[in-house]
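Subject: Structure handover

Hello,

Here is the structure for you to look over. My notes on it follow below.

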Amino acid sequence: MFQQEEYDVIVVGAGHAGCEAAAAAANMGSKVLLVTMNMNTIAQMSCNPAMGGVAKGQIVREVDALGGQSGIITDKTMIQFRMLNRSKGPAMWSPRAQSDRMRFAEEWRMTLEQTLNVDFWQEAVTGIVVENGTAVGVKTQLGIEFRGKSVVLTNGTFLNGLIHIGEKQFGGGRAAEKGSTGITEQLKELGFEAGRMKTGTPPRVDGRSLDYSKMEEQAGDEMPSKFSYLDTPALTNQRPCYITYTNAEVHEILKEGFEKSPMFQGRIKGLGPRYCPSVEDKINRFADKDRHQIFVEPEGWSTVEVYVNGFSSSLPEDVQYRALRKIAGFENAKMFRPGYAIEYDFFPPTQLNLTLETKLVQNLYFAGQINGTTGYEEAACQGLMAGINAHNKVHGKEPFVLKRSEAYIGVLIDDLVNKGTDEPYRMFTSRAEHRLLLRQDNADLRLTPLGYALGLASEERMALVREKEEQTAAVAKLLKTHAIEPAEINGWLAEIGSATIHEKTRVVNLLRRPGVDLPALARVLPGLTLALAPYRPDALEQAEILVKYEAYLEKEHQQAARMQELENFTIRGRLDYHAMPALSHEAREKLLKIQPETLGQASRISGVSPADVSVLMVYLGR
């Protein structure tokens with residue numbers, strides 16, 4: 001039966017990218033086969049049990065706004081929520097949730113099992129079936145051939161995965177799970193370039209053996225929010241995390257293991273994530289620091305297992321254990337398993353189109369760590385986009401590509417395809433030139449209409465967006481017209497050290513002052529509280545941001561419009577860049593390799609100068 005049935009989309013791998021790809025394509029109407037080596041580890045949180053964070057939280061909100069599942073599942077399974085960077089401007093606010101690791105994976109599996117059009121198969125895929133330059137299926141370890149109109153590879157760290165603990169090394173894609181072989185070798189034969197990357201994870205310990213009285217408690221927000229724009233369950237109870245620190249004694253013990261470190265002795269060839277270094281890398285690179293922060297994070301509501309965030313290591317297990325026990329609160333710690341490093345194959349993403357379809361093989365898509373990224377959130381959004389585009393391609397629909405001014409997802413994919421990466425790519429707010437437009441609070445307004453047009457976001461989502469837009473506009477108008485008498489507000493203004501007013505003033509003028517926000521004004525102005533009572537909290541927040549940062553937002557929109565002018569210069573077909581002698585040698589090489597689709601894309605390729613862009617503009621103008 002399974003040899004004969006043809007699928008629209010075959011997804012290989014059931015991590016965060018694979019799950020989103022399968023759900024998106026199926027919810028849009030494609031017949032999907034999800035192939036995984038282990039049905040019991042679908043959506044496994046291989047590293048820290050958390051979703052979101054700086055810029056990553058914005059990505060989860062964007063995935064949700066488009067109709068993806070990660071935000072919903074996080075809301076259903078989180079044990080703590082914090083909005084990071086609240087002391088900064090709204091462009092920096094980033095939601096983060098601590099998740100119940102087992103419940104997260106369970107909820108994802110249940111979601112997929114209840115999704116019409118998704119079939120499952122548990123086995124290793126050893127190759128892609130390619131006919132006439134097009135992916136038409138996959139081959140498995142048992143020799144079974146599944147036929148499909150498109151294939152999405154989301155292999156994570158499993159491609160020729162190699163685990164390192166001190167001088168010991170063994171094959172595996174994750175602790176206690178074997179790696180995947182065959183796919184890299186075939187893709188190389190087809191002409192793909194491959195590389196090696198490295199990531200790592202810290203030890204897990206028994207929470208019952210820790211002394212939390214010696215640590216700083218890190219509680220969740222008093223009024224926790226959530227990720228999804230739908231009516232997901234509110235978080236009413238939270239588990240605390242804790243903070244402790246390494247010390248000089250810890251560092252000395254760790255240094256004893258350096259001679260057996262696979263990283264320092266050259267056994268690890270792949271580059272690791274710059275912004276999430278191992279603990280041995282931190283004490284080596286930052287020798288002037290006498291301590292480093294350790295975040296002690298529970299793995300779930302009921303389990304006693306604890307994740308030691310900040311102590312990622314590939315040193316020998318006995319060195320890890322002895323060093324851990326010198327950390328305050330860890331004196332009697334019992335280790336469940338040591339940390340380790342893992343090396344794996346990836347494929348430089350300059351080999352992809354902006355749809356995440358490969359340039360060498362039609363209807364073959366790459367998503368997640370196979371593209372050189374790190375993080376659940378980065379993987380999930382790529383999976384979503386690959387699933388959308390695989391569905392569109394096989395059904396004769398237009399490609400779906402997000403601009404840099406539309407979403408962090410657009411920034412991420414544009415960076416990967418045009419610039420490539422030789423180290424695990426992680427999203428930061430600083431990577432986006434229009435981050436004031438790409439806030440976590442307005443992802444639904446930006447993207448749900450697009451998701452709805454695709455047939456992915458539901459009517460329910462669209463109705464909520466329309467209501468939010470209407471209410472936001474009404475509140476913004478109210479803030480610009482509602483006037484306040486000096487007697488109503490001057491006492492409070494004096495208290496907070498802000499200049500008093502001498503005549504009637506509109507609310508918007510006060511909101512634009514540093515240190516003044518709408519909730520505070522509402523607390524001291526009963527009339528304003530009454531006027532705002534009918535409106536949704538998210539509409540109030542949205543309206544406050546719009547009026548408070550009106551001039552800055554307008555400037556951002558103008559800059560985005562100017563950049564869009566370059567995107568409107570379409571490059572059709574493959575140009576012979578060698579025939580343009582006015583281009584620099586490096587520009588010719590890079591343009592031939594990446595084959596940009598627009599002048600804007602060409603301008604963002606590393607090595608293409610403004611002078612080269614001018615040459616292209618003249619050529620295209622002709």
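Which helix gives the largest share of the lining of the largest cavity? Helix 12 does, with four residues.

First, the ground rules. This is a predicted model, with local features taken only at pLDDT of at least 70 and side-chain atom pairs only at pLDDT 80 or more, while totals for chains, interfaces and linings use all residues. Residues are numbered from 1 along each chain as its sequence is written, and side-chain values use heavy atoms, with hydrogens and water left out.

Helices (H or I, at least four residues) and strands (E, at least two) are DSSP runs, numbered from the N terminus.

**Cavities**

Two cavities of 30 Å³ or more turn up in a search of the whole structure. The search runs on a 1 Å grid over the protein atoms alone. A cavity is a set of points where a 1.4 Å probe fits but cannot get out. Lining residues have an atom within 4 Å of a point. Grid points are joined across faces, edges and corners, and a volume is the space filled by probe spheres set on the points.

The largest cavity holds about 40 Å³. Its lining is Y229, D444, R461, L464, V465, K468, R536 and D538. By type, three are nonpolar, none polar and five charged. Here Ala, Val, Leu, Ile, Met, Phe, Trp, Tyr, Cys and Pro count as nonpolar, Asp, Glu, Lys and Arg as charged, and the others, Gly among them, as polar.

The second largest cavity holds about 30 Å³. K198, G200, M263, S278, E280, S312, S313, S314, Y340 and A341 line it. Strand 14 and strand 21 are the elements that each give two or more residues to this lining.

**Second largest pocket**

A pocket is an open set of points with protein on both sides within 12 Å along at least five of seven lines. The second largest pocket has about 1,400 Å³ of space. It is lined by 35 residues, and R86, S225, P537, D538 and E541 are the closest to its centre. Strand 5 (78-84), helix 12 (459-481), helix 15 (518-524), helix 16 (526-532) and helix 17 (537-548) each supply two or more lining residues. Helix 17 has the largest share, at seven residues. The lining comprises 17 nonpolar, four polar and 14 charged residues. D538 also lines the largest cavity.

**Strand 21**

Seven of the seven residues of strand 21 (340-346) are buried, meaning under 20% relative accessible area with a 1.4 Å probe, protein chains only. Both faces are covered. Y340, I342, Y344 and F346 lie on one side, with A341, E343 and D345 on the other.

Strands count as paired if DSSP finds at least two bridges between them. Strand 14 (195-201) runs antiparallel to strand 21, joined by seven bridges. G195 has F346 as its bridge partner. Strand 12 (162-165) also pairs with strand 21 in the antiparallel sense, over three bridges. There H164 stands opposite A341.

**Strand 6**

Strand 6 (94-99) is largely enclosed by the rest of the structure, because six of its six residues are buried. S94, R96 and Q98 point one way; P95, A97 and S99 point the other. Strand 4 (50-52) joins strand 6 through three antiparallel bridges, with M51 and A97 as bridge partners. Strand 5 pairs with strand 6 over six bridges, also antiparallel. F81 stands opposite A97.

Four strands form an open sheet of mixed pairing, in the order 1-10-9-8. Strand 1 (6-7) and strand 8 (125-131) are at the edges with a single partner strand each, so one side of each has no neighbour in the sheet. Strand 1 runs parallel to strand 10 (145-148), joined by two bridges. Y7 has G148 as its bridge partner.

T244 lies in strand 17 (241-245). It counts as buried because its relative accessibility is 3%. Its side chain reaches the backbone oxygen of A328 at 3.0 Å.

In helix 13 (486-495), the buried residues are P486, I489, N490, W492 and L493. G497 follows helix 13, with a positive phi near 75°.

Regards

Key:
Buried means under 20% relative accessible area, exposed over 50%, partly exposed in between (1.4 Å probe, protein chains only). A polar contact is a pair of N or O atoms within 3.5 Å; within protein, one must be able to donate a hydrogen and the other to accept it, and residues adjacent in sequence count only if both atoms are side-chain atoms.
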